[in-house]
Amino acid sequence: MREDSNKASPGPQKRRDTYATMSVLAWIAVGILFLNVAYFVGNEVGGGQVLDRDARFWPVVNSFLIGLLKAGPTILIGLALLEFAFFFDRCSKDETFTEANLKTLRSGADSLVWAAITSAIVIPSVLGAIGDAAGRDVFDFTELALGVGLMGLALHGLAIVFDDAVKLKEDNDQFV
């Protein structure tokens, strides 16, 4: 017999409180990431300075779009965290093994995979095509991009297991 099987599991209310705390922390992380994106894009557009009315329109739009492109992985990671904020919020309301949570796991995993693809392939390709020096290395798989992509793939694997759990719960609910 395993030694840890004799320990009492935390009560349902404590578990719900933990899920609620995780939801709040995910929301805070989303806020921090999107503030970071706003700062980064703002620096790309105007270098932190106020644009005057003599500023040309298309260079500003071009800088804004390049800033959004460069911030793309951060935006996608923020979207994944946003999904997990909703996931933990639903879990705090005892809605754990549901189709909505399964969809959230898959969506969060997709966001992480796309963040890695954007970082490693899309950004260098686009920047290289427009002649930016930062885009000279197409297929720039950094450790961070590789790690984020692999986390996304691992979450897809977890979603497969979660899908089985949702189906089992639905089957059990029919008998009760």
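Predicted model: local features only at pLDDT ≥ 70, side-chain atom pairs only at ≥ 80, totals over all residues.
Biologist: At what angle do the axes of the two helices cross?
Modeller: The axes of helix 1 (residues 12–46) and helix 2 (residues 57–70) cross at roughly 150° and come within 8 Å. The crossing is right-handed.

Biologist: Turning to helix 3, which elements do its buried residues pack against?
Modeller: They pack against helix 1, helix 2, helix 4 (99–129) and helix 5 (143–175). Among the buried residues of helix 3 are Gly72, Leu76, Phe84, Phe87 and Phe88.

Biologist: Why is Phe87 classed as buried?
Modeller: Its relative accessible area is 11%, and a residue counts as buried under 20%.

Biologist: How are the rings of Phe84 and Phe87 arranged?
Modeller: Phe84 and Phe87 form an edge-to-face pair, with 6.5 Å centre to centre and 85° between the planes. Both residues lie in helix 3, 3 residues apart, which is about one turn of the helix.

Biologist: And why is the pair of Phe87 and Phe88 edge-to-face?
Modeller: The planes of Phe87 and Phe88 are at 80°, and planes over 60 degrees apart count as edge-to-face. The ring centres of this pair are 5.4 Å apart.

Biologist: Which residues form the aromatic cluster?
Modeller: Phe84, Phe87, Phe88, Phe97 and Phe162 form one aromatic cluster.

Technical notes
Residues numbered from 1 in each chain as written. Heavy atoms only, no water. Axes fitted to C-alpha atoms, helices over the stretch in contact; angles between N-to-C directions. Helix = DSSP H or I, 4+ residues; strand = E, 2+ residues; numbered from the N terminus. Left-handed = near helix turned anticlockwise from the far one by under 90°. Buried < 20%, exposed > 50% of the residue type's maximum accessible area, 1.4 Å probe, protein only. Contact = heavy atoms within 4.5 Å. Phe/Tyr/Trp six-rings, centres within 6.5 Å; stacked < 30°, edge-to-face > 60°.
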